[in-house]
Structure formats: structure tokens, C-alpha cells
Amino acid sequence: MSTAESVLIWSAAALYAAATILAFSALVWGRREMLRWSIGLAVVGCVAHAVAIGVRWYSAGHFPYVEDYENVLVGSFAMVAAYLAMTYVRRGFGVAAVVVLPTVLITLGYGVTQAGAIQPVTPPYQSAWLVIHVTFAWITYAAYSAVAGLAVIVLWRERARSKAIDAPILPEWIPSEEETDDVSMRLVAFGFLNNAVMIASGSIWAYRLWGSFWRWDPVETWSLLTWLAYGFYMHAHFTLGWRGRRLAWVALLALLGVLMAFWGVQLLPNSYHLFNSLGETLSNQRF
Amino acid sequence: MIPRAVRKLASARLAIVLIATLMLLTVLNVLFPQKTYFSAADFARFQSDAPDLARALSLLGLDVVFGGWLFAVICIILCLNVSACTWLRISERRSRGVRVPIRTEKGLLAASWRGRATDLLDLASRRLTSDGWVLTGNSKWVDATKRGAGFWGSVVLHASILVIALGGALVPLTSFAGTMVIAEGQSVIDEPATYLTVTREPRIGEPFTGAQLRLESMNVEYEDGIVVGAEGQMSALDTEGDSVSRLVRVNHPLDVAGKSYLLQNTGFAVDADLSIDGQEQAVVLNLADRTPRGYSDTIEAPRAGGGTTPVRLELTPVPLGPEEIAPQRLLSADDPRLEVQVQADSSSSAATGAVLKRGESVELSPGVTLTFREVRYWSTFLVRSEPARTVVYLGFALAVVGSLVRFISADRRIAVRIIDEKGEPTVVVGYASRPWGSGYTRDRAEARQLLRLGAEGEES
């Protein structure tokens, strides 16, 4: 990692951390200006993050999608971008930062620990299907993390209600349950669609690389289960009429699948999805 | 009547339990040693270290979670759950028609009109019928619905999961897996004798295609000591007479007669002449073992008077001293050397050896000479056939199409009600759209128009 890239990444991380604290404060004390500052800091952090990706792209000579660090670098950027896009639609959704930005920070932190010397694009990665696969993965997980952020808004409202706190105590700028529910549903539907493309393109890539479109690799399985879980979310919403707290918990639990797919693989003794070793094992001894 | 058992099977609670159980099994897959991820030796060690746990895991199918009976049973029940749910939805749709609840949240009710309620009801009926809405109602209310294709999108989406599961079930019945080695310039036929290993044969269809395959040439490129390009020019001719020629790389297999030939690995082969009592024959010797210095193998060289002599061959890409190891660019044979070691056996008292440059020879035994001509590559190909994968791809394509149709095409409803408010009949016009408000703008306009016309009618 170059110095410029390092400075940019750590600046982005610091800004995200500050934005998270401000978003928490805004939620707890109901101060709207704190939320504005939080969103502002997240925007600046996102710009630094984008420039870091550009620097990496320039120095590596290829778009950063190859190893674990690069995958996380762009994936976490997609999460912030989705969060900011949602916030652009409705400022009040900015409080979703209390979940989205910590998730981004953990993701980035993990990625930085995995960063090594820049590697050329080895043969296993030289596939358009892989590019499609990771791109849709980033979009999917960005949408799902935003949904988890919105779930917190729903749970916050529910908590206020269950504690018999008068409704006016909740700041009026916090989006209504209906509005939050509607946007969550749209994001889940969007993520679900992209998730299907992500799994399908991944299986095509897998067949062309390993000769098998599905190997019950834990990451593959987690992706499939995550897809089913969000499918259930939609089913619960449309067919069973679930709203509010129950659906929010489904969103948060389904996010577990996303986290497992991203980091859970590192717990495994062997997985085809160990991003940081794929190039090594397949390029030096085997292609 | 929908049988009660189907309703039970289609329950959302069951779906939650099944998906949660699958997630739990996936976690267990991480926690418990898996045959899939451990080498046979490591797994045997685990079995000897913890025999009771190993036996319990085996009994529960948890030593190969994703290939175990428990996982399969849950997947089957989940498929039944989705099937029952789909069937139920279709049945309900047929019997009751589209059900779009009028949402009563703030801002979604259009307006109310106080006037002669029945006039507006009549007007609404006429107007909505002429506009293609399907009406139900009586003298107190009118419900107008317009079915989008969203319902069928939902059915396709559910069906896609079943298609994916069907494809998955067909894979073990129809797939083939094996490996073969082809050297540069070599032609082979897809038949049992060609294969190094065959690990899976299909239960349906022929395992071997009889296609002719030829590896014309191989090329390996390095960048900073790492292989960044490895491609082979291959040609093939299937039994139908269709030929194909293409560059084969990792991620870019050769597809012939329903099989894919995936480039996996490459090493050195020696292009040599073997002379026995003056009679020369060209041979290609694949050196299978990777060593720190290059590639090596032991061959049984024929003797002039019959029998064989064991000969160890090691090819290094450049000249190397006794303790030196190969450079990072292992497969770039810039100035190769063939180290020949004739092994001592019962007929010869001591081993002899030589290091050959291209064109040089060594006597292996009296009357038998080996001449090193050139370096070639051999390549290992993973040969796979998974015809059922197209069913799975179709399933995912259906999922995408079904989702798009479901989310884009809205089911719309306009409801006109006469309600009694403080003893006065009042008309309320509501509108709704599912899955979300993509029909709101049009329907809000329609609802307002109804009220406006109603008001004008009243005035006139």
C-alpha cells in the first residue's frame, strides 16, 4: 500500500468513525444538526475513500478486485455509497449510519490487516465473470447493509413505543415507520435481484475455473442462504403482512449471512473463496 | 378446498425454521472437521483422536454437512414448502382474485366527497369499466382492480427456486469428472485409457465422447516471478465431425462434445530420441514431479538385450549448481539442462549420470543411448461435464426475470365506498398499489378525477 493510499484510507476511516459518533449522538439526543454533520463527514470520508480506490487502481494497473484487501476496499465503499444515496433521498435515513458505518469500519479494518504487496492479476482472476460476480456482490451487500441500518430506525421507534415514551419525544425528522418500511423493502428487492445475478455469475465463473458450478463451499452456501433469507423477508412483507419489529429483526439476522460470506470464510481450514490465497495457490504451483 | 396439510407445509413459520436450520448447519460445517476440507490422512487422525465424536458426526451426517442426509432432508422439505406456498397462492388467486388491501396510512386515502353517494358509485362503475378495470361490488361499494403481471412474476420467482433445486438434484446423475495429461504436440482420444483419473461417471449418458484432442502448443508468461498468463493452443474433433480450435487458458476451457477441458497445471516434458542398437525412436517423456530445481521423473529405459534400467531424469530451466534451486520463472526454459541419473540395479554396480544440453547424448546401458532434443510442456486438464448446470442457470435467470416482473408490474386497486358518517352517507375513494406505490400517481389522478366528475355531476 502506497503512502498516499494509506493516508487516504486512514483519513476515510477517521471520518467514518467521527460520523458514526455524531449519528449516535443525533439519535440519542434528537439533534438534527448533529446528523447533518455526520452525513457531511461521511461524504468527505467517501470522497477520500474513492480517491484511495483510484490511487490503488493507478498503482496496481488494474481495478482493485483481486485480493482480500482490494475486495474489501471497494466493497466497503459501495456500502457507504448506498448509505449516502439513501440519505440523499431522505435526510432522516442518515441515522442508519449507526449500523452501516461501524460495519464499514470493521470491514475496512479487516481489509487493512490483509493488505500486502500489489500483485498482478493472476490467471484465476482473469475472467469477465469474476468481475461481474464481485461487482454484483458489492452492490448486493451494500443494499443489505443499508437495510440493516434502516432496521435500527424501526427498532428505535419500537423501543420508544414499548417504553411508553410519548411519540413527540422522537424527533420529527426521524422517518416514519411506513416510509422506513417502504425504502427497506425496495432495497431488499434491489439487493435480492443483484444477489441472484451475483450467485449465478459466480457459479459460471466457478465452473470455468474449477469445473464445477457449485461445490457447497461455505461461502457459496452462505450466499445462497442469505438470498433465501432476504427472499423470506420479502415474502413476510408482501404475503404475511409483517411490518415493524419482526421484519427489522429478520433484516438484522439476514445481515449475519452477509458478514459470514465476507469474513466467515477466514474461519475455515479450506475454502475456495479464500481471496488472499487463491492467486497464490493457483498461480505458482497450478495456474 | 385447500387440504390442511398443504397449508401447514406452506407456512412461513416452517420456512423460517428450515432456513434457520440450514444456517445452523452451515455454522456446524465451520466448527466440525469436514471430510471435504481435510485430507484423508488428517481426517483419519481426527477419527483416531476423537472416535466417539467422529462416529456421532458420521451418524448425523455432520462430517460432510453439505453432502449429508440431514442437509438433503431439510432442502427437500424447503422445496416442498416453496412448492406448497406457490400452489396455495395460485389457488387463492383463482378463487378470490387479486387482493390488494387499501392502505389506510396517512396520505394514502385520496379524498372524500360528500354528496349523493349512489351517483358517484354509478359514475365510478361506468368510468372504471370503460378503462379496463375489473369491477366487483354492490349498491354500497365498488372495488376496481387491475391485475399486473406481478403475480405471475411471483410465481416464476418461486418456481425458479424449484428449478434450481431440480438442477442441483440432477448434477450427481449426469456429471463426469476426470483428469488427463496432454503434452505439447500430442493427440489423444477421449476414452478410458487416456485418463489419469476418473472420479465421477454419469449414471445417465455416456461417460466418454471419443473426441480427438490435440495440444498444439503451450505458452507461459511471468510477471515478477508470478505466472500471469498460461495458454495452450488446442484443437479438437468430435465424433460428429465438428472441429474446434481455440486458445485454452485458466477460466477459458475447451468445450467439446458436452465436456469442458480445463487447464490446471503444467510441467516440463522432454523431447528425446532413444536409440537401441542403432534403431532410433522419438519419445516424449512427461516429468511429473515438481522439485526445487525443476521437474523430474524416473523412467524404465529398455535394455538392448531385454529388461529395463531405471533412469532418473531431472530437467532444470537453466544450468544449476548442485545446491542451487530453480529461479522463480520456473517454466521459462531459457537454457535447459537434462540431468540423467542411471540408477544402480542388480546388473550394474554403480549409478552413473550426466548433464545434457540440447542435442547431447548419454549411454543409458550398452547399446542404448538417450539424446536430449528439446523441452516441451505437458499440461494437466481437469475434464468436467455438468450438463445439469444449465438447468440451474435457467433457474437463476427465471429468478431475475420473476423478480423484475414482480417488482415492476403493479397490482392496482381503486375502491369506492359509501360510509355512514354522523348519519350522513359519505363517499370515500381510496387507491392502492402492490408491491409498492408505482401505480399511485396514476391512481391518485384517477381517484381525484372520479371525485371531480362526481362533484360536477352533482352540480349539473
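Is A:Trp242 buried or exposed, and what is its relative accessible area? In this predicted model, local features need pLDDT of at least 70 and side-chain atom pairs count only at pLDDT 80 or more, while totals for chains, interfaces and linings use all residues. Residues are numbered from 1 along each chain as its sequence is written, and side-chain values use heavy atoms, with hydrogens and water left out.

A:Trp242 is buried, its relative accessible area being 13%; buried means under 20% relative accessible area, with a 1.4 Å probe and protein chains only. A:Phe232 also counts as buried, at 9% relative accessibility.

The structure holds 17 aromatic pairs over all chains, a pair being rings of Phe, Tyr or Trp (its six-membered ring) with centres within 6.5 Å, stacked if the planes are under 30 degrees apart, edge-to-face if over 60 and tilted otherwise. The rings of A:Phe232 and A:Trp242 are edge-to-face, because their centres are 5.7 Å apart and their planes stand at 85 degrees. The charged end of A:Arg246 sits over the ring of A:Trp242, 4.3 Å from its centre; this requires CZ of Arg or NZ of Lys within 6 Å of the ring centre and within 35 degrees of the ring normal.

In chain B, B:Phe268 and B:Tyr377 form a stacked pair, 6.1 Å centre to centre with 15 degrees between the planes. Both residues are buried, and together with B:Tyr295 and B:Trp378 they form one aromatic cluster. Elsewhere, B:Lys259 lies over the face of B:Phe176, at 3.7 Å from the ring centre.

Methods
Chains are lettered from A and ligands numbered from 1 in the order in which they are written. Buried means under 20% relative accessible area, exposed over 50%, partly exposed in between (1.4 Å probe, protein chains only).
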